[in-house]
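Okay, thanks everyone, I'll keep this short. Have a look at the model on the screen and I'll talk you through it.

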Amino acid sequence: MDVLAWGRLLTAVTLAVHIVFAVFGVAMPLLISAAELLAIRRRDPFYRALARRWAHGFLVAFAVGAATGTIVAAELSVVWPRFMQVVGNVIALPFLIEVIAFFLEAIFLGVWLYGWERFRSPWGHWLTSLPMVVSGPASALLITIVNAFMNAPGGFRLAGGRVVAAQPWTAMFSPGWGIEVGHVLASAFTAAGFGLAAWAALSHLRTPHPYFRRQIGLTAGVGLVGAVASVITGDLSGKFLAHVQPLKLAAMEGLFRTQAAAPLTVGGYVDAAHRAVVGGIQLPGLLSWLAYGSSAHPVRGLDAFPPRLWPPLAIHVFFDLMVAFGGLLLVVGAVYALVPSLRERRWFLALLVAMGPVAFLAMEFGWMVDELGRQPYIVYGVMTVGQAITANPDLPAVAVLVLALLAAAGAGVVWGLMRIFRSVALPEDGAAAGSEEAMAG
Amino acid sequence: MSLTPSAAFLLLVFVLFLYAMAAAIDFGSGAVWLWAELRGRTDVAALAMRYASPVWEVVNVFFILFAVGMVGFFPGAVPAVGTAMLVPGALGLGAIAVRSLAFVLRGASPPWAPRLFPWLVGISGLVAPLPFVTLFALLEGVGVRPGSGGLAVDLAALFLHPLTLFFMLTAVAAEIGMGALFLAFYARPAREPWAFDTLTRAATPALAVMALSLLAALIPLHALSPWAGSGVWLLFALAAAAQVAAVALAHARRPGPGLLAALAGGLAGLVAMAWAQLPWLVRGHLTLAATFTDPAMAGALTAVLGVGVVIVVPSAVYLSVLVLADARRAARAAPGDRAA
């Protein structure tokens with residue numbers, strides 16, 4: 001492996017780990033706020049206990065997200081210095097605003113935690129949760145704006161390899177930023193919602209309790225709303241790609257030949273040598289219809305672009321997996337919402353447990369499609385990864401060290417979570433309320 | 001209106017100061033925790049865990065702010081400094097990663113190694129700054145030569161330079177001294193006289209080592225950066241005086257003022273170094289002006305920073321009022337509380 005391959009592998013693994021924690025930082029403030037709102041409106045101490053416990057879990061996710069984010073921030077500068085030179089001149093603003101949003105999220109989490117006894121009215125305390133509800137997703141919004149810029153860069157000119165005439169605000173609002181932000185936020189809420197629902201379902205399987213029932217209801221509800229929004233924004237993303245990154249769309253769909261009434265190929269793997277998708281099911285005209293609203297419309301295939309610019313064709317598989325997993329989440333979430341009689345069935349709870357990893361895999365696959373689909377570019381049409389990589393020959397050794405650490409850390413997190421899960425106890429106030437509820441019932 | 005290269009550089013040094021101090025307190029508290037666990041001092045261990053956690057949650061955000069500010073204001077320096085800092089950065093971040101993980105799992109040490117996580121938290125915190133302080137020597141041009149695609153760095157020369165070594169000693173002493181003072185500050189109102197005594201006694205020699213190694217670092221620093229003729233020596237003198245005051249205040253068991261003196265000393269020292277370095281970013285290789293960002297970006301960053309400060313600072317003040325009120329309430333509620 002050369003320096004470039006090591007740099008890509010290192011960045012990919014670090015980001016793959018980071019986004020797992022980051023989605024909780026994005027979505028949990030809303031869940032905490034919603035639980036507190038339900039606690040006040042329904043006078044339900046379970047929801048109050050839920051809000052408090054989630055806040056402590058959120059704290060850990062936030063801090064670990066900040067730690068892995070620190071590694072990402074430093075890695076970007078030391079592994080991709082030429083890229084960060086462009087970033088600094090053109091698209092530094094969202095990074096800076098993100099840091100501000102980050103501070104606000106941390107500060108208002110503290111205000112919320114320390115403010116429990118300070119407000120006469122419970123509504124006053126609930127209001128202090130709202131800044132976090134905004135600043136959590138704001139960090140995802142801002143970092144996705146940078147990613148949207150990498151996909152459709154604008155707001156600057158290059159003269160002799162140097163950035164001139166930068167327009168930072170234009171660069172921030174590149175075409176497609178809104179669609180990409182919408183899709184990322186929707187998938188973050190899907191992943192966090194189903195991830196937490198899985199945890200609660202596992203607890204409920206072990207010790208059935210009204211506390212866990214509420215937890216599943218709230219988290220699966222958020223996950224379902226996220227899944228519906230993911231489908232809508234995903235469709236918009238496809239239409240956007242057809243106009244702005246047609247090469248990425250062609251690779252995602254395994255479409256080799258430019259054609260009218262282009263088929264949608266579901267499943268199969270791409271055989272680059274024979275320029276065909278093996279084992280896929282072709283649905284005639286559907287890709288044209290999805291991308292352009294007309295089943296006869298021509299769609300540009302890979303043959304419209306020089307092969308040296310083709311992204312890895314395996315992204316077709318990742319794309320299909322993302323869609324399949326997303327569809328599965330949608331179905332399971334809808335069944336949970338529409339068929340209450342299934343909610344206590346053990347097999348359905350086990351299914352919900354399985355949806356946790358599925359939701360995170362869907363998100364990771366979607367992210368891989370976005371990033372691999374932009375190869376060989378780091379900034380589409382402007383700078384390739386090969387131009388952006390560091391000239392430092394020590395990178396492979398550093399990458400091995402950091403990857404080994406990340407592997408150990410990952411194992412440590414899994415092991416620690418399992419230990420904590422085994423020792424977890426029901427909340428005192430929730431348990432008390434449970435017996436009251438039993439008596440009242 | 002927009003910041004000039006020199007003003008932006010001094011602002012970044014201030015952010016670096018905030019990070020360094022928060023990290024010193026955070027990492028130092030971890031080391032104190034390890035010591036308390038090994039000695040079975042549950043009172044000190046409880047203090048370390050209760051008051052270090054809020055610092056731990058935000059400390060990394062200051063690092064990210066510094067990195068983002070550096071990239072935003074001086075993008076021309078990223079290829080050079082980024083290439084040179086690859087190895088030191090990876091070593092330091094590796095230590096931070098180990099520490100973060102161990103901190104999260106701190107309550108769940110495995111039965112076959114009951115003190116595993118205290119050891120990991122304590123030691124990784126103590127070694128984390130060692131690779132990072134090479135940045136100061138790097139910016140003074142130590143071990144740096146022009147290389148392909150940026151600056152090439154002679155790691156041995158960088159790590160073994162007297163300036164780096166003195167700064168490493170300073171960093172470790174600062175962690176222990178400031179971490180102990182920070183915890184002692186909370187120990188008094190929260191009615192732990194024994195812990196208070198132990199912590200102030202531990203802080204005094206550590207702060208003395210910090211002051212001495214900082215003074216010693218001025219010798220190699222002066223060889224690299226001749227500032228004696230300029231007004232900068234006044235700032236260095238102020239920094240030295242503040243460090244000596246911090247030692248005296250710690251000895252007199254005044255943790256709050258002692259911590260403030262140590263912070264003031266750190267700020268004066270860092271600003272003095274930065275001031276003496278103008279107009280260079282990396283002495284002899286890169287100037288601030290040549291690496292400065294696009295003028296439009298400089299203006300936009302200045303505006304966003306201004307708005308950010310207006311929003312964040314009052315919120316942070318409000319939070320600290322809540323936290324202090326909480327600490328006071330805890331002290332009042334505690335049985336056997338002594339009037340201080």
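So, of the 441 residues of chain A, 52% count as buried, meaning that 20 or more other C-beta atoms, placed from the backbone, lie within 10 Å of a residue's own. Quick housekeeping: this is a predicted model, where local features need pLDDT of at least 70 and side-chain atom pairs count only at pLDDT 80 or more, while totals for chains, interfaces and linings use all residues. Residues are numbered from 1 along each chain as its sequence is written, and chains are lettered from A in the order in which they are written.

Chain A has 16 helices and eight strands; those are DSSP runs, H or I of at least four residues for helices, E of at least two for strands, numbered from the N terminus.

Now, the interface. 59 residues of chain A are in contact with 56 of chain B, contact being C-beta atoms, placed from the backbone, within 7 Å. On the chain A side, H4(A) gives the most, with 16 residues. By class that side has 42 nonpolar, 13 polar and four charged residues; Asp, Glu, Lys and Arg are the charged ones, Ala, Val, Leu, Ile, Met, Phe, Trp, Tyr, Cys and Pro the nonpolar ones, and the others, Gly among them, polar.

Definitions and conventions: Two residues are in contact if their C-beta atoms, placed from the backbone, lie within 7 Å. A residue is buried if 20 or more other C-beta atoms lie within 10 Å of its own, exposed if 12 or fewer, and partly exposed in between; C-beta atoms are placed from the backbone.
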